[in-house]
Amino acid sequence: MTTTLITGANKGLGFETARRLIAAGHTVHLGSRDADRGRRAAERLGARPVVLDVTDDASVAAAVKAIEADGGLDVLINNAGIEERTPDGGVVGAAEVTADMMRTMFETNVFGMVRVTHAFLPLLRRSAAPVVVNVSSGLASLKRVSTPDDPAYAYPGVAYPASKTTVNMVTVQYAKAFPEMRINAVEPGYTATDLNAHTGHQTVAEGAEIIVRMAQVGPDGPTGSYVDIEGTLPW
Ligand SMILES: NC(=O)c1ccc[n+]([C@@H]2O[C@H](COP(=O)([O-])OP(=O)(O)OC[C@H]3O[C@@H](n4cnc5c(N)ncnc54)[C@H](OP(=O)(O)O)[C@@H]3O)[C@@H](O)[C@H]2O)c1
């Protein structure tokens with residue numbers, strides 16, 4: 001039996017990933033920073049709710065304790081994330097971005113991911129086949145964002161893509177440090193969720209596909225990779 005934790009799984013891609021992995025036989029701990037939203041989501045799926053705010057040390061420590069008491073962890077999916085938006089729903093560009101906005105973005109998308117991964121390392125190391133999936137973005141790719149004929153080139157935001165490029169670097173460094181684990185970064189594709197006010201062109205079922213696939217890689221599978229549903233992406 002594989003036990004999996006998904007952060008930020010009360011809605012969006014995390015929720016859909018939980019649904020799919022439960023169908024595949026995983027025991028899923030559904031992370032949510034809000035207890036009620038998490039409990040309701042978990043009830044809908046038959047998941048185990050766990051209160052987990054990735055920006056809060058005490059919350060993460062309590063989640064580790066609860067999951068350890070429940071039998072341990074095999075798969076960690078670092079999915080919780082935020083994107084910057086102006087009050088009218090636009091993307092915050094280079095002229096407007098501030099150090100505070102960068103800090104807020106990194107607090108969730110980068111420091112949160114590191115906080116959670118670091119805290120769960122002891123449980124993952126006890127697993128026979130530990131797997132970590134870091135939900136990155138196509139906008140993490142320096143190659144794509146700097147190539148004029150790539151759709152990512154037109155994206156004007158600064159903090160979000162910078163945070164996801166950092167997610168990729170962190171993924172590579174963790175993968176080298178823990179060769180006994182499979183640790184990969186994934187790009188779900190532009191998916192209609194609250195994150196982008198449902199402007200994405202994919203469904204959550206399509207977007208979750210690569211997360212679900214990389215959550216199920218075996219000990220001989222890839223590690224330190226950056227992939228979408230079609231294969232390896234350029235850094
Ligand atoms: N949608 C896309 O097109 C797309 C593309 C590429 C990558 N991604 C990535 O996919 C991941 C999931 O995004 P989504 O599109 O499914 O967005 P979403 O529907 O807005 O879901 C984001 C989830 O993260 C949670 N979250 C935010 N801050 C948190 C914190 N401090 N602690 C714990 N949970 C927190 C949210 O909880 P609340 O409900 O409490 O806010 C929510 O459950 C993100 O990492 C995002 O960057 C999305």
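Predicted model: local features only at pLDDT ≥ 70, side-chain atom pairs only at ≥ 80, totals over all residues.
Helices (H or I, at least four residues) and strands (E, at least two) are DSSP runs, numbered from the N terminus. Residues are numbered from 1 along each chain as its sequence is written. Local features require pLDDT of at least 70 and side-chain atom pairs count only at pLDDT 80 or more, whereas totals for chains, interfaces and linings use all residues.

Eight strands form an open sheet of mixed pairing, in the order β3-β2-β1-β4-β5-β6-β7-β8, two strands being paired if DSSP finds at least two bridges between them. Because β3 (48-51) and β8 (231-232) stand at the edges with a single partner strand each, one side of each is left without a neighbour in the sheet. The antiparallel strands β7 and β8 are joined by two bridges, and aspartate 228 stands opposite glycine 231 in β8. Helix α3 (residues 57-69) packs on the sheet, touching β1, β2 (27-32) and β3, and its direction makes about 150° with that of β3; contact requires C-beta atoms, placed from the backbone, within 7 Å, and angles run from 0 to 180 degrees between N-to-C directions of axes, which are lines fitted to C-alpha atoms, for helices over the stretch in contact. Helix α6 (residues 159-177) also packs on the sheet, touching β5, β6 and β7, with its direction at about 165° to that of β6.

Helix α7 (residues 204-215) has twelve residues, which at 1.5 Å a residue should span 16 Å, in agreement with the 16 Å between its end C-alpha atoms; the expected span is 1.5 Å times one less than the number of residues. Nine of the twelve residues of α7 are buried, among them Val204, Glu209 and Met214, a residue being buried if 20 or more other C-beta atoms lie within 10 Å of its own, exposed if 12 or fewer, and partly exposed in between. The elements covering these buried residues include β1 (3-6), α1, β4 (75-78) and β5 (131-135).

Technical notes
Contact = placed C-beta atoms within 7 Å.
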